Amino acid sequence: GKAKDLLAYLLDDTIPPERLVLWGESLGGAMAVELASEEPFAAVILESTFTSLREIAHAHYPFLPNAVVPDELRSIEKIRGLKAPLLSLHGDRDETIPFEMGRKLYEAAPHPKRFLRIPGGHHNDLYAVARRINLGEELNANSRLDGAEDRNFNLRLDPYEDANQNG
């Protein structure tokens, strides 16, 4: 689709997808899911991402008939074909994409995966909230994972780093 065409244009086939980490926030998460369901990336990070355009529209405007809202960006279906480890981040006070929707998208993804609830996080402040509550140290200590820790999850941003240190 369009996301794949954009990626091909930007990278000009010089960097293989399996060396890239996709990070998609909100609408960008739908693009990341689409790409990662077609290509094997190093990892995917989704931040405050919705399940489908129709579902998020109905969350805000339940009176809209289906005929008015395009049934597009169906990440809930595409994520089942994800070909990369997933880290999903969502604020539990997100007023734009309901927390439950982010969790539902995560649940549909194959393993390996992790879900990280950002306590007090809204739609556009996850980084600031995570810094304020020192979430980096907590994540490294495997806490606040909502019981969704996947023991096979291993997000190495540079797969060659370990080989260089050990060799």
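**Aromatic rings: exercises**

Tyr 61 is partly exposed, at a relative accessible area of 45% (buried means under 20%, exposed over 50%, partly exposed in between; 1.4 Å probe, protein chains only). The model is predicted: local features need pLDDT of at least 70, side-chain atom pairs count only at pLDDT 80 or more, and totals for chains, interfaces and linings use all residues. Residues are numbered from 1 along each chain as its sequence is written, and side-chain values use heavy atoms, with hydrogens and water left out.

**Exercise 1.** State how many aromatic pairs the structure holds, and classify the pair of Tyr 61 and Phe 63.

*Solution.* The count is 3 aromatic pairs. Rings of Phe, Tyr and Trp (its six-membered ring) pair if their centres lie within 6.5 Å; planes under 30 degrees apart count as stacked, over 60 as edge-to-face and the rest as tilted. For Tyr 61 and Phe 63 the centres are 6.1 Å apart and the planes stand at 75°, an edge-to-face pair. Phe 63 is exposed, at 65% relative accessibility.

**Exercise 2.** Classify the pair of Tyr 106 and Phe 115, and say whether each residue is buried or exposed.

*Solution.* The ring centres of Tyr 106 and Phe 115 are 5.3 Å apart with planes at 55°, so this pair is tilted. Tyr 106 has a relative accessible area of 3% and is buried. Phe 115, at 0%, is buried.

**Exercise 3.** Find which residue forms one aromatic cluster with Tyr 106 and Phe 115, and which charges lie over these two rings.

*Solution.* A charge sits over a ring if NZ of Lys or CZ of Arg is within 6 Å of the ring centre and within 35 degrees of the ring normal. Arg 103 lies over the face of Phe 115, 4.7 Å from the ring centre. Lys 113 lies over the face of Tyr 106, at 4.6 Å.
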